[in-house]
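Here are my notes for anyone opening this model for the first time. Have the viewer ready and follow the points in order.

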Amino acid sequence: MTPAELSAATTGRDLRLPFGIALVALACVAPLFLGNYPLHAMIIALIFLLPAHGLNLLLGYTGLLSLAQSAFFGIGAYTSALLAVYFGTPFYVNFLAAGLAAGLIALPLGIPALRLRATSFVMCTLGFVIIGQAIAKNWISLTRGDMGLAAIPKPYFALGPASFAISGTVGFYYLVLTIAAIATLVAYLIVRSPAGRNMIAIRENETLAESVGIPIWYYKLIVFMISAAFAGLGGSLYAHYLTVVSPLTFQMYYSTTMLIIVLGGGAGTISGVIFGSLLFVGLTEALRVAPELRMIAYGFFLLGLVFWFPSGFAPLIGRFWSFLEKRK
Amino acid sequence: MTIELSRRGFCIGTALIGLQTISSSAFAARSEDGTVRLGLVAPTSGPNARYGAFSLRGAQMAAKEINDAGGVGGRKINVMPGDSQGTPVEGVSATRRLIDQDQVDFIIGDVSSSVTLAMQPVVEDAGVLLLNAASSNPMITYKAGVGGFKWTFRNYPTDENRSLLVLQYAAEKKGFTKYSVLSVDTDYGRAAIQFTKKYLLRFKSEILTEDYYKEGEVDFRSVLSKIRDSGAQAIIMYGNADSAPIVGRQMMEVGIAGKIPLIGNAEFNTASTIKAAPKAMEGAIEAAAWLPGYDSPKSKAFVDKFTAAYREAPNNHAYVHWETVHLLAKAIEQAKSIDREKVRAALSGIHYDSAVGEVTFDDHNQARLPMILLEIEGGTPVVKGAYKAEIDYPK
Amino acid sequence: MFYTIIEQVVNGIVSGSVYAIVAVGMTMIFGVLRAINFAHGEYYMLGTFGAWFAIEYFDLPYPVAVVIGVVATAVIAVVVGNFVMQRIVGAPAEAGVLATLGVALILQNTVILAFGGSYKFFSGGYIEPVSVFGFTLAEQRILIIIVGLIVFVGLELMVTYSRMGKAMRAVSQNIECCAVVGIDVRHIALWTFILGAGLAALSGVLTAPVNVSVYGGMGELITFKTLPIIIMGGLGNVRGTFVAAMILGIAESLVATYIGLQFRDTVGFATLMLVLMWRPHGLFSAQARF
């Protein structure tokens with residue numbers, strides 16, 4: 001049970017729903033009082049939230065550390081970009097194709113990789129990112145190599161007479177907010193389902209899980225694919241927002257970012273990941289106030305995170321709920 | 001107890017820092033403080049910092065020079081750096097912050113083309129002038145000016161004509177017909193070779209081997225042995241300044257120094273590069289918009305000042321950023337205001353007297369830069385030709 | 001034709017020696033600390049900067065600069081080891097990844113802050129080419145190969161015969177039992193880490209003369225080259241890592257010559273993935289411990 005559930009169970013009052021609704025309402029009216037720059041930061045946080053949910057399912061709930069999120073992020077970004085630039089397809093096609101492509105490619109990659117033990121698996125997933133970048137750089141006829149794909153058109157919804165294109169930061173913000181909300185809901189439903197409980201069982205004790213009949217190998221593979229799909233969807237949003245994709249999209253930087261979001265927020269909790277995403281973006285942007293010291297401060301922050309908050313900020317959030325409960 | 005305190009401190013600190021971002025005033029007008037705010041987006045951390053550092057220093061030195069002389073129209077220039085880490089996401093974040101929070105008037109940036117391409121729509125929406133002084137992707141220019149992005153200007157040469165002229169000189173003056181390619185594996189290196197290939201037939205030349213090295217590569221021995229055995233007469237190299245001395249030294253090791261010259265552009269003509277491998281650099285042919293050894297009073301003054309101020313010699317990025325700040329200052333002076341529309345108009349029609357000659361902008365906001373062709377003879381670069389070229393834009 | 005292949009193999013052995021010195025350090029650190037040290041390349045960079053600083057600002061001769069570079073890095077390793085690495089022992093893998101990434105960021109950017117981000121030229125070292133069995137090599141490269149062999153032999157001897165070496169082996173095999181036998185695990189962890197970082201620094205100073213360009217971010221590439229090597233060699237397996245480094249060096253050389261230089265970096269991870277498919281426990285370990 002998460003701390004929030006525990007406190008809800010003891011006091012008979014679940015504050016999370018009203019709190020969550022308040023938060024969503026706040027997010028909806030945010031553009032009224034936030035300028036373009038904080039909105040941009042929110043958009044980035046929400047875009048990264050998708051692959052972070054994926055990694056959370058993999059690491060937080062099934063216990064598999066993977067650095068491959070960047071590879072699937074990149075695959076999603078390129079798929080979306082190629083469709084948009086060469087075929088002018090509407091946004092929802094690009095978006096879904098990106099998730100599908102990433103998820104499907106994860107299948108032949110996951111089958112051999114999941115046989116490996118933990119550390120080798122981590123390195124193998126890192127290898128996916130490196131090979132992904134090499135393919136993006138050298139398959140020039142498809143990806144234009146280092147020249148990249150630029151001028152990706154704005155997200156376009158072809159609904160007959162009601163078609164429209166999203167333009168402007170505010171429009172994009174609402175698009176991303178909607179998608180992130182749906183993704184969070186999907187992730188929540190997955191972890192709440194019996195499948196979710198099986199995933200936790202695998203994380204806690206693989207041998208025991210297997211002995212009670214959970215087909216762990218299939219679970220790992222499916223979660224790997226779902227995680228990849230989430231990352232691919234995030235990549236699609238990224239491509240449409242930045243309007244540029246290049247082999248630089250396949251970089252360990254993104255995998256690390258997802259890891260920090262998940263671990264910082266609290267692996268194994270849904271609200272933790274949301275918090276982690278906002279925290280990460282808020283921190284990296286705010287640190288720009290001291291440009292020369294920025295990355296050094298960020299490095300110390302990582303150390304602080306690892307040594308003082310090994311379970312991320314989620315326990316804090318849990319204490320916050322209990323605090324609220326006690327107040328009543 | 002201490003752990004608890006440090007944890008709390010950590011939390012509070014993080015929360016405060018996070019709130020600072022949101023608290024930026026959304027709709028405040030640009031406050032008049034008598035300065036010109038110039039944002040500079042460049043990679044100042046991560047591996048690409050080795051190029052960004054030069055850009056930043058060049059710009060800062062120019063700003064200092066202008067401010068010491070009284071500023072531009074009485075206003076001091078304030079250079080505000082933003083770190084892009086060479087990644088498009090960070091670059092866009094830095095740009096947004098500079099525009100919305102720091103309320104810059106103009107932006108110079110970035111070094112990496114993908115970052116610049118990502119910045120273009122952002123500055124276009126905000127109506128902020130963007131001057132690019134280092135990116136090489138031709139798309140930046142095709143899409144600028146009448147191509148769509150009116151607010152982007154590029155003060156950096158394109159490789160289309162450079163590759164033509166290098167090949168032409170090598171074929172006509174040296175009689176080379178067989179080449180090996182060893183260029184950097186970025187859009188710069190790849191595009192330059194793409195352009196070169198367009199003209200191979202015209203000069204009845206061929207490329208025997210084609211290799212691209214990653215930025216930061218240090219081991220060229222295998223490729224150089226391959227080139228040695230291929231029968232190539234020259235190596236076409238479009239690359240970075242810090243790889244040239246490494247390649248030169250390894251050419252000496254492998255035994256092709258002095259036998260197979262380098263042609264193209266990778267700042268061969270810097271004193272330290274020539275010193276690192278004199279035999280290998282002999283006969284190198286390079287076309288560039290500027291080199292540290294350029295013989296003009298303004299250029300020499302720049303090199304001396306930079307070396308004195310920073311204890312190391314400037315490179316191409318440092319020079320172009322220095323020049324671009326001065327160019328912007330001249331445009332502001334001509335426009336007699338820092339209003340962006342007026343400055344942009346001034347830039348479009350400017351005739352700027354740079355350290356290497358007169359600079360003007362074409363209708364795609366691309367600078368027409370005079371370029372020179374040099375050959376290294378007896379350890380010193382000798383100018384073999386100068387040219388100015390028009391670009392053939394795709395319809 | 002035959003000569004060319006031999007020549008590329010020789011080239012491969014040269015680059016393999018460089019990788020080997022760095023990789024054995026990283027694999028030992030893993031064996032004892034169970035942490036993938038994502039900051040390992042930064043010690044390579046620190047060693048190089050230490051030597052560069054000595055030559056540039058104090059005009060010291062190259063051999064002295066080598067010592068300074070390695071010692072300076074060792075000192076920094078003591079600090080990092082005490083405050084960070086020791087705490088990673090026993091922590092989950094994610095903690096190690098993030099912590100070492102944090103250390104990497106701090107080291108990289110402090111150097112950039114202190115010396116400026118621009119690339120520096122490394123002067124010094126023995127760069128004159130000499131002819132050995134018909135192959136021309138810079139003298140420095142022969143030095144690298146020799147040092148590589150010395151390091152390898154030295155480590156083998158240390159691990160087999162010395163008290164410290166035996167303790168390291170014990171820790172890498174079974175941490176819980178070490179406490180029973182009276183081995184101070186944290187002490188061993190710290191010293192293994194310092195040794196590993198020192199080796200990385202040594203590799204950096206030795207290759208600086210032939211690599212010429214020195215800059216704060218140069219460590220990242222080294223880390224990414226070394227990671228596949230230690231997995232292929234078997235984590236914690238010094239012998240296997242040494243051989244894997246040589247194999248990678250030769251493979252890279254052959255790929256660069258016959259397929260294209262742009263694919264050189266992929267050789268490492270591509271080979272790793274193939275090896276993992278076929279022999280998940282690495283080429284040289286009998287069973288998969290990790």
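1. Start with one residue pair in chain B: B:Ile236 has B:Ile263 of E9(B) as its bridge partner. Keep in mind as you look that this is a predicted model. The pair belongs to the parallel run of E8(B) beside E9(B), where 4 bridges join the two strands.

2. So what covers E9(B)? Both of its faces are covered. B:Leu262 and B:Gly264 lie on one side, B:Ile263 and B:Asn265 on the other, and all of them are buried. That puts B:Ile263, the bridge partner of B:Ile236, among the buried residues of the strand.

3. Go to the other neighbour of E8(B). Strand E6 (residues 178–184) pairs with strand E8 (residues 234–238) of chain B, again in the parallel sense, and 3 bridges hold that pairing.

4. Now zoom out to the whole sheet. These strands are part of an open sheet of 7 strands in chain B, ordered E7-E6-E8-E9-E10-E14-E15, and the pairing is mixed. Strand E7 (206–213) and strand E15 (380–387) of chain B are the edges; each has a single partner strand, so one side of each has no neighbour in the sheet. From one strand to the next, the twist averages 20 degrees.

5. What packs on this sheet? Helix H6 (residues 159–174) of chain B does, and the strands it touches are E8, E9 (262–265), E10 (285–288), E14 (371–377) and E15. The direction of H6 makes about 155 degrees with that of E10(B).

6. A few figures for chain B as a whole. The chain has 14 helices and 15 strands. Its radius of gyration is 22 Å, close to the 21 Å that the globule rule gives for 395 residues, so chain B is as compact as a globular protein of that length. Along the principal axes, its C-alpha atoms fill a box of roughly 65 × 60 × 45 Å. Of the 395 residues, 59% count as buried. Take the contacts between residues at least 6 apart in sequence: 69% of them join residues at least 24 apart.

7. Over to chain A, for a helix pair. Helix H5 (residues 91–113) and helix H11 (residues 216–242) of chain A have axes that come within 7 Å and cross at roughly 145 degrees. The crossing of H5(A) past H11(A) is right-handed. Residues making the contact include A:Phe91, A:Phe95, A:Ala98 and A:Gly99 from H5(A), with A:Leu221, A:Phe224, A:Gly232 and A:His240 among those from H11(A). The contact residues divide into 16 nonpolar, 8 polar and no charged.

8. Finally, two backbone details in chain A that I'd check by eye. Most residues other than glycine have a negative phi. A:Arg144 has a positive one, near 60 degrees, and is found in the loop between helix H7 (140–143) and strand E1 (156–157) of chain A. A:Thr243, also not a glycine, has a positive phi of about 65 degrees; this residue is in the loop between H11 and helix H12 (252–265) of chain A.

9. The cut-off for buried is 20 or more.

Terms used. Residues are numbered from 1 along each chain as its sequence is written. Chains are lettered from A and ligands numbered from 1 in the order in which they are written. This is a predicted model: local features need pLDDT of at least 70, side-chain atom pairs count only at pLDDT 80 or more; totals for chains, interfaces and linings use all residues. Two strands pair if DSSP finds at least two bridges between them. Axes are lines fitted to C-alpha atoms, for helices over the stretch in contact, and angles run from 0 to 180 degrees between N-to-C directions. Two residues are in contact if their C-beta atoms, placed from the backbone, lie within 7 Å. A crossing is left-handed if the near helix is turned anticlockwise from the far one by less than a right angle, and right-handed if clockwise. Ala, Val, Leu, Ile, Met, Phe, Trp, Tyr, Cys and Pro count as nonpolar, Asp, Glu, Lys and Arg as charged, and the others, Gly among them, as polar. The radius of gyration is taken over C-alpha atoms; the globule rule is 2.2 Å times the number of residues to the power 0.38. A residue is buried if 20 or more other C-beta atoms lie within 10 Å of its own, exposed if 12 or fewer, and partly exposed in between; C-beta atoms are placed from the backbone.
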